[in-house]
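Please keep the view open and find each residue as it is named.

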Amino acid sequence: MTKIIEIKNLEKSYKQLKALDGISFDVEEGEIIGLLGPNGSGKSTTINCLLSLLRYDKGTIRIFGKELKPDSYDLKQKIGVIFQEVAVFDELTVYENINYFCGLYIKDKALRKKYVEEAIALVSLQDFVKFRPKQLSGGLLRRLNIACGIAHKPSLIFLDEPTVAVDPQSRNSILEGIQKLNQQGATIVYTTHYMEEAEQICNRIIIIDKGKVIASGTKEELKRLISMEEKVTVEVEDLEEKVLKKIESNANVDLVHYDGATLYIAYRKGKNNLGDLIDLFKQNKVKYTSMFSEMPTLNDVFLELTGKALRD
């Protein structure tokens, strides 16, 4: 596979704070890479260094096999960037905004018109081409922001939390659009705090914390890194302390949490945890309204690897 991005031993400090501490990873052509991490982990610094928006102290970065510099316009033409903050012109219509940003790279008017129309169709803005940004909902505005960043058909796209504060319908539309871009040949670096999104669309996931890459792999590979193998949730009231003690004494149990209405159990291993729990409830005449089992999610992986402490 062709390496689109190569980062080796990247370091960046802000006075006494080491934002990046020897980060290394590659992105191969055709991947959707999820770049995840808590607030302050180094995600934004990494992307800013990648895009030559920020100088780094040590290490190397190569994009399309070359070092990206502020004046590397041949490389920048191949890159699309959609930041979290919407950046469009309020005085221009939807069509005019997309046409303007596309025109920064595509000078041929006929080709640009084709590309703009394809970008509008990709994000389903056909009914809003004459609207100005202030007339759009949050979801439509996000879709316009994406269209402006990808209209010139870049082969490498950076998407920084593109679904923040949008409704489920808009989120679904945006994710489908991202997958279409990937199917059309774009390599995508995707940052998000929504673990279910990364689990849904990313081929591979890189987790950064405290300026280091702490895990990398497919979602299945990451799930094998943690101790939890099964989660059981039970809706039950008035669960006696002695029953909780018996559950906790099970050698397979890693964590038990009960809030007076819902019982949560994390198991390290075991093939009949649910059956054993039902038997225990029958023996102790415990009545419950629902019980279900599920495998660990990417959110469980993220919390176990980065911790549950609040970040700034």
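The points below take up the pockets and then the salt bridges.

1. A word of care comes before the details: the model is a predicted one, and the values discussed here are computed from it.

2. The largest pocket has a volume of about 510 Å³, and its lining is made up of 18 residues. If you wish to find its centre, look for Ile-79, Gly-80, Val-81, Phe-83 and Tyr-105, which are the lining residues nearest to that point.

3. Two elements, strand S5 (79-82) and helix H5 (138-150), each contribute at least two residues to the lining of the largest pocket, and the largest share, 4 residues, is that of S5. Sorted by class, this lining holds 12 nonpolar residues, 4 polar ones and 2 charged ones.

4. What is the division by class in the lining of the second largest pocket? The lining of the second largest pocket has 5 nonpolar, 11 polar and 7 charged residues.

5. Turning to charged pairs, side chains of opposite charge can pair when their charged atoms come close. The count for this model is 16 salt bridges. One of the pairs joins Lys-114 and Glu-118, with an N to O distance of 2.8 Å; the two residues are 4 apart in helix H4 (residues 109-122), which means that about one helical turn separates them. Lys-114 is partly exposed at 44% relative accessible area, and Glu-118 is likewise partly exposed, at 31%.

6. A salt bridge also links Asp-254 to Arg-268, at 3.3 Å from N to O. Because Asp-254 belongs to strand S11 (residues 253-258) while Arg-268 sits in the loop between strand S12 (262-267) and helix H10 (273-283), this pair ties together parts that are 14 residues apart in sequence. Both partners are partly exposed, Asp-254 with a relative accessible area of 34% and Arg-268 with one of 35%.

7. In the salt bridge between Lys-242 and Glu-240, the closest N and O atoms are 3.8 Å apart, and Glu-240 is partly exposed at 45% relative accessible area. Finally, a network of salt bridges links Glu-11, Lys-18, Asp-21 and Lys-212.

Methods. Residues are numbered from 1 along each chain as its sequence is written. This is a predicted model: local features need pLDDT of at least 70, side-chain atom pairs count only at pLDDT 80 or more; totals for chains, interfaces and linings use all residues. Side-chain values use heavy atoms; hydrogens and water are left out. On a 1 Å grid over the protein atoms alone, a cavity is a set of points where a 1.4 Å probe fits but cannot get out, and a pocket is an open set with protein on both sides within 12 Å along at least five of seven lines; lining residues have an atom within 4 Å of a point. Grid points are joined across faces, edges and corners, and a volume is the space filled by probe spheres set on the points. Ala, Val, Leu, Ile, Met, Phe, Trp, Tyr, Cys and Pro count as nonpolar, Asp, Glu, Lys and Arg as charged, and the others, Gly among them, as polar. A salt bridge is a side-chain nitrogen of Lys or Arg within 4 Å of a carboxyl oxygen of Asp or Glu. Buried means under 20% relative accessible area, exposed over 50%, partly exposed in between (1.4 Å probe, protein chains only).
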